[in-house]
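Here is a short report on one chain.

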Amino acid sequence: MTSIASYTEQIERDGFACIPKVLDEAQISKLKEALYAIARGNKSQPYGLRRLLEKVPAIRNLCTQSCIRHWVEPILGENAFPVRGLFFDKTVNANWGIRWHQDVTIAVQQRLEAPGFSPWSQKEGVCHVQPPLEVLEKMLALRVHLDDTGADNGCLWVVPGSHRCGRLSRQQVQKLTERGNAHPIPRGGILAMKPLLLHSSRRAATPRHRRILHLEFATEALPHGLKWYGS
Ligand SMILES: O=C(O)CCC(=O)C(=O)O
């Protein structure tokens, strides 16, 4: 059982924490059903989906439930709100790896020129931008695991404490990755992480489903008239 005191300490010190048992089998089945309902009509099952808060009411609803708020509010406070929902899977047909990186992009409703917000990009028709560090520092992501995720099927690798180093240069990233380690999470578990934590994931050696909901939370409105896309 993870205590809130040790959880908040870990998030502060390491930038992440693993919580093994959060959702039960019934919750997991409902979420999978809701996810695949929006993907029906696709020939193959999706390995990545965006805009989940808008497309899947069950996922927006999950963000309000006590099993999730329990891990969000001690870090961001009771005014925390979800701002982005993504889905990632790895399968035999979509066995991908992702290089070491920090999550430095947020989704907003509309492009407005604002100091410190740059560069801009579009993903699935939604405006994305890199905000100043202080915006990212006040965010938290919960990666909700719908399958057992181990070192053999593409679990997350992280560099503990790297979230405290600001935006990292390519050289810093290369040096820090020597300290990276893998974090298997069982089905129903959560890996909570700060966006600036250096992380990566490898192609699965034994490809099988590795379904993860990546839910991002913030706690403050954006400055200069910008608005979070998902709020
Ligand atoms: O789910 C993964 O394996 C990696 C996803 C990722 O790197 C990200 O969300 O930034």
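## Overall fold

How many helices and strands are there in the chain? The model is predicted, and its chain holds seven helices and 13 strands.

The radius of gyration is 17 Å. A compact globule of 231 residues would have a value near 17 Å, so the chain agrees with that expectation. Along the principal axes, the C-alpha atoms fill a box of roughly 45 × 40 × 35 Å.

## Surface and contacts

Of the 231 residues, 51% count as buried. The accessible surface comes to about 11300 Å². Carbon and sulfur atoms account for 51% of that surface.

The largest nonpolar core has 34 residues. Tyr7, Ile59, Ile68, Leu142 and Leu213 touch the most other members. A second core is separate and has 17 residues. Among them are Ala114, Leu136, Met139 and Trp228.

Ile68 shows what such a position in the largest core looks like. Beyond its neighbours within four places in sequence, Ile68 is in contact with Leu62, Cys63, Leu142, Val144, Ile190 and Phe217.

Trp228, a member of the second core, has a relative accessible area of 4%. That value is under the 20% cut-off, so Trp228 is buried.

The whole structure has three aromatic pairs. In one of them, the ring centres of Phe81 and Trp228 are 6.5 Å apart. Their planes stand at 75°, so the pair is edge-to-face. Phe81 lies in strand E3 (residues 81-88), and Trp228 in the segment after strand E13 (212-218). The pair therefore ties together parts that are 147 residues apart in sequence.

Where does Asp147 lie? Asp147 is in the loop between strand E8 (140-145) and strand E9 (156-158).

Which side chain does Asp147 join through a polar contact? The partner is Arg211, at 2.7 Å. Leaving aside neighbours within four places in sequence, Asp147 is in contact with Lys32, Ile185, Pro186, Arg187, His209, Arg210 and Arg211.

Terms used: Residues are numbered from 1 along each chain as its sequence is written. This is a predicted model: local features need pLDDT of at least 70, side-chain atom pairs count only at pLDDT 80 or more; totals for chains, interfaces and linings use all residues. Side-chain values use heavy atoms; hydrogens and water are left out. A nonpolar core is a set of buried Ala, Val, Leu, Ile, Met, Phe, Trp, Tyr and Cys residues joined through side-chain atoms within 4.5 Å. Buried means under 20% relative accessible area, exposed over 50%, partly exposed in between (1.4 Å probe, protein chains only). Contact means heavy atoms within 4.5 Å. Helices (H or I, at least four residues) and strands (E, at least two) are DSSP runs, numbered from the N terminus. A polar contact is a pair of N or O atoms within 3.5 Å; within protein, one must be able to donate a hydrogen and the other to accept it, and residues adjacent in sequence count only if both atoms are side-chain atoms. The radius of gyration is taken over C-alpha atoms; the globule rule is 2.2 Å times the number of residues to the power 0.38. Accessible areas come from the Shrake-Rupley method with a 1.4 Å probe; for residues, only the protein chains shown count as cover. Rings of Phe, Tyr and Trp (its six-membered ring) pair if their centres lie within 6.5 Å; planes under 30 degrees apart count as stacked, over 60 as edge-to-face and the rest as tilted.
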